[in-house]
Amino acid sequence: MASRRKIRRKKTPTKGKGLFIALVLLISLGFGISIGAGAFIISDTPNVSSYGDWQSTETTRIFNSEGELIHRLFRENREYVTLDQIPLALQQAVLAMEDSRFLQHSGVDYRGLIRALLVDIREGGYAQGASTITMQLARNVFLTQEKFMYRKIQEMFLAHQFERLYTKEEILEFYLNEIFMGHSAYGVQTAAHQYFGKDVWDLNLGEIAMMVGIIQAPNRHSPYFNMDQARFRQQVVLNRMLELDLISQEEAQLAAEESIELAGLGKAQEDFAPYFIRYVRDELLKMFGPQVVYGGGLQVYTTLDTRIQESAELTVKSLIDENTLPTVQRDQMTADTQQPQLAIITIDPQTGHIKAMVGGRGEDQWNRAIQSRRQPGSAFKPIIYAAALNEGLSPGSVVLDYPTLDFSDHTVTSDDDQPKPWPRNFNDVYRGWVTLRSAMNHSINVAAVKTLSEIGVNSALNMARDLGISSLVPEDRNLGLALGGLTRGITPMEMAQAFGSFANRGIRTEPIAILRVKDNRGNILYEANPTREIAISEEVAYLMNDMLQSVIQDGTGWRADLDRPTAGKTGTTNDYTDAWFVGYTPDLVTAVWVGEDSPRPMKYFPQTDDEGNVVINPQTGEPNYSTTLHSWIAAELWGRYMRAVVEPMPVTHFPSKPRDIIEVSIDPFTGKLPGNYSPKEISELFIRGTEPEEKENLHQPIKEVEIDTETGLLATSDCPPENVQTRRYQKDSGIQVGDDGSPIHKFDSSTGVPLTDEEGNYIFEKKPDQSCWAHGTSREEEEEQDDEPTDRLWDRIWGTEDDD
């Protein structure tokens, strides 16, 4: 049997084949992962095309009334300029330093990328970047500044997108407006102003080189921080431009030798007119919203007068520094721990333009000029008198200034349950019959309340609303209104607006701070058109101007005298918690308020004796204080401030007298035409038709009689000379009169209220009908006195009894 050879198949090696397959799978997997990772990163990258037209955030600029820049509002402080406004030398310098192959690549410079990668490998980390200008733009607009591969891939992708959508010129323009330039500046225009105080198109080559040198590390290379380092970087830029034949050797040398004058960083953003700026900002936010206000590049033209604002701030500082306005620290929860606080607002009464605003003395956000509603006290009285004039009274109308119990709603009782008069005058000083002008001059409480009672509370409330007072509530419908007792109080801005109506022929003009707003292309978005309404007649306004000028010349407002036509009114509230002065010239009205944020008496620094014990006033039981603030501090602040304001201004006068204003001589005690025996007459103004037509007969022939002051009887030859006093009496009635010829009232000894008979007629002091018996023989008066009844005198004074 033949043997058969077994044929065997040669085995194929399996180890090498497995490695090959694994390698293929690994590469495929890696490639797939890379593709997937790249796709994920790209999907997570912002879409440049959805960005639309270029929307770089721009700084909103706020200008004063002269068109001078006073503030910027921004997330990033930027003022956009077009490429044709940027010097070619600056464009070339930036390209030379940041991306010399900008015109050759398509967003990513791969040659530079490889070079940077090799440097990074050699250094063992990120040592050199390879970001083109387009990549930097993409990072600045859409990404963070962190150096991660994830972000780098996004940056490269976005750069390609930018290059597809925009031209090289557009990308360079975007970049030069987007780049951070140190401190708060974004973009080359803002940087040019920040460093050199000029527009970018006015920069010379030396300034351009220094500014471009800053880009690499703005804070480290800032000439404000290190001029030597800034000079070094300037030379680096000039050398690079010279290397690329962009400038000549001579140009480089001249640029390096040019002197550099820095503009200075100036005041911090919030230093100048901070309360006004925040007021304007809040108004802008209401109109346009935060996105546009902080990034829309608005141009906001305001009413602020820088000179007037500086005068206000300097006046406040001087009063604080010299301790005329004291400083105490309060622990309670107030807007600012420094107290007392203050507010100043100045407005042009014709236009409503707010010229200056100080909302406090600290750095808090509470603007007391527009947000604090405080009790106006006597500063509200002009509104009462304006209503009285509107109702037909005149500056010459008279009111009896004595304590009264007539106003039962306000009458309170003392400890012994006896009624106490209301209101009371300051220091309990009363003047008898006074005109409304005199009542205003001396800020007489009783006269104001009696006047309000005569015309009716509703008349005064309507007048207040017409003058722009918006805080009135139903609870204000009471006689306390005459003393400024408002439920919700009133702001300094509203007080200035109300008084401005007097200066502006009775026309109330809405206060405004913003004149117009333009967008970043110069289109007008808003133009002010303040409301103007006739609040009072021209005649009433004229009389109010005249009366309030008297307050300055003859009354409580003397500290505010400017040696030119000036009108105004003081105001102090109960317990000295609020102090006001509201005054005006024909051109400007200013309201000043002083007080503590949490109302409390402005009494400071208790006096002490030699042993350090607090000195107690025996009459009040309270400490004696070294400083007590009331309306004098407001008038002092107003006067100092306004004297500085008007000093360079020409003297102007209030509107001329309207045709229906006439001047008439009157008796100041009755408001009537002078009679045959009037001891005094004054010239007073009236609206035609309200002037008096009857003569007064209050004053009668006078007889002087000697009285023994010990007994109150007719003096005799036996009375000691030191007891004898000459007194004056009307011949016919026997009623005692004062030096001014006016009858002297009898008063309730406990209340000080004038006595009346059962019919309500006043009772007067009369001449005694007996001679003094204490120093000699008693005898009856030789001549019988024909005493006229008091009620007949009253009828004769007010014309209810016919003249014989």
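Q: At what angle do helix 16 and helix 18 pack, and how far apart are their axes?

A: This is a predicted model, in which local features need pLDDT of at least 70, side-chain atom pairs count only at pLDDT 80 or more, and totals for chains, interfaces and linings use all residues. Residues are numbered from 1 along each chain as its sequence is written, and side-chain values use heavy atoms, with hydrogens and water left out. Helices (H or I, at least four residues) and strands (E, at least two) are DSSP runs numbered from the N terminus, while axes are lines fitted to C-alpha atoms, for helices over the stretch in contact, with angles from 0 to 180 degrees between N-to-C directions. Here helix 16 (residues 381-390) and helix 18 (residues 445-455) pack at about 40 degrees, their axes lying 10 Å apart.

Q: Which residues of helix 16 and helix 18 meet?

A: Contact means heavy atoms within 4.5 Å. On the helix 16 side, Lys381, Ile384, Tyr385, Ala387 and Ala388 take part, and they meet Asn445, Ala447, Ala448, Thr451, Leu452 and Ile455 of helix 18.

Q: In what order do the 5 strands of the open sheet lie?

A: Strands of a sheet pair through backbone hydrogen bonds, either parallel or antiparallel; two strands are counted as paired if DSSP finds at least two bridges between them. In this open sheet the order is 2-1-5-15-16, with mixed pairing. Strand 2 (69-73) and strand 16 (524-527) are at the edges with a single partner strand each, so one side of each has no neighbour in the sheet. Strand 1 (residues 60-63) runs antiparallel to strand 2 and is joined to strand 2 by 4 bridges, with arginine 61 partnered by arginine 72 of strand 2.

Q: Which helix lies across strand 1, strand 2, strand 5, strand 15 and strand 16?

A: That is helix 13 (residues 274-288), which runs at about 50 degrees to strand 15 (514-518).

Q: Why is strand 18 described as largely enclosed?

A: Buried means under 20% relative accessible area, exposed over 50%, and partly exposed in between (1.4 Å probe, protein chains only). Strand 18 (residues 567-572) is largely enclosed by the rest of the structure because 5 of its 6 residues are buried. Strand 18 runs antiparallel to strand 19 (residues 578-584), and 6 bridges join them. The two form a hairpin with 5 residues between them, and aspartate 575 in the turn has a positive phi of about 65 degrees.
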